[in-house]
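Dear colleague,

I am passing on a structure that you have not worked with before, and my notes on it follow directly below the display. Please read them with the structure open beside you.

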Amino acid sequence: MGGELGSTLIMLVLMFALVYFMMIRPQQKRMKQMKAMHDSLQRGDEIVTVGGIHGTIDALEDTVVHVRVAHDVVMKFERQAIGSVVNKNV
């Protein structure tokens with residue numbers, strides 16, 4: 001009876017470790033990368049929002065990014081809405 005309990009406990013620990021390394025850890029890594037990208041945004045960076053809108057950063061505030069999408073069109077987005085930086089302004 002003690003052997004069954006021990007093997008069940010070992011299986012549960014192994015399953016938790018598998019879930020952690022296959023799902024939780026990669027998600028945490030992606031979240032850190034996204035936060036670093038959001039923190040490093042600069043005026044002039046070409047970006048794509050999570051909704052697929054392409055534009056260039058015109059101004060930055062604490063939580064809001066002003067994105068120029070056309071000649072006279074500037075839209076406001078939350079920093080979290082920026083999906084990727086296409087061309088980093090050097």
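This is a predicted model: local features need pLDDT of at least 70, side-chain atom pairs count only at pLDDT 80 or more; totals for chains, interfaces and linings use all residues.

To begin with the rings, there is one aromatic pair, where rings of Phe, Tyr and Trp (its six-membered ring) pair if their centres lie within 6.5 Å, and planes under 30 degrees apart count as stacked, over 60 as edge-to-face and the rest as tilted. The partners are Y20 and F21, whose arrangement is edge-to-face, with 5.1 Å from centre to centre and 85° between the planes. Y20 itself is partly exposed at a relative accessible area of 28%, given that buried means under 20% relative accessible area, exposed over 50% and partly exposed in between (1.4 Å probe, protein chains only).

Residues are numbered from 1 along each chain as its sequence is written, and side-chain values use heavy atoms, with hydrogens and water left out.

As for the overall architecture, the protein has one helix and five strands, with helices (H or I, at least four residues) and strands (E, at least two) taken as DSSP runs numbered from the N terminus, and along the sequence they follow the pattern α-β-β-β-β-β. The radius of gyration, taken over C-alpha atoms, is 21 Å, well over the 12 Å that the globule rule (2.2 Å times the number of residues to the power 0.38) gives for 90 residues, so the protein is more spread out than a compact globule. Along the principal axes, the C-alpha atoms fill a box of roughly 75 × 25 × 20 Å, and buried residues make up 19% of the 90 residues.

T49 belongs to strand β1 (residues 46-49) and counts as buried at 6% relative accessibility; leaving out residues up to four places away in sequence, T49 touches F77, A81, I82 and G83, where contact means heavy atoms within 4.5 Å. V74, by comparison, sits in strand β4 (residues 73-78) and is partly exposed at 38% relative accessibility. Apart from neighbours within four places in sequence, V74 is in contact with D58, H66, V67 and R68, and its C-alpha lies 9.0 Å from that of I57, which is 17 residues away in sequence.

With kind regards
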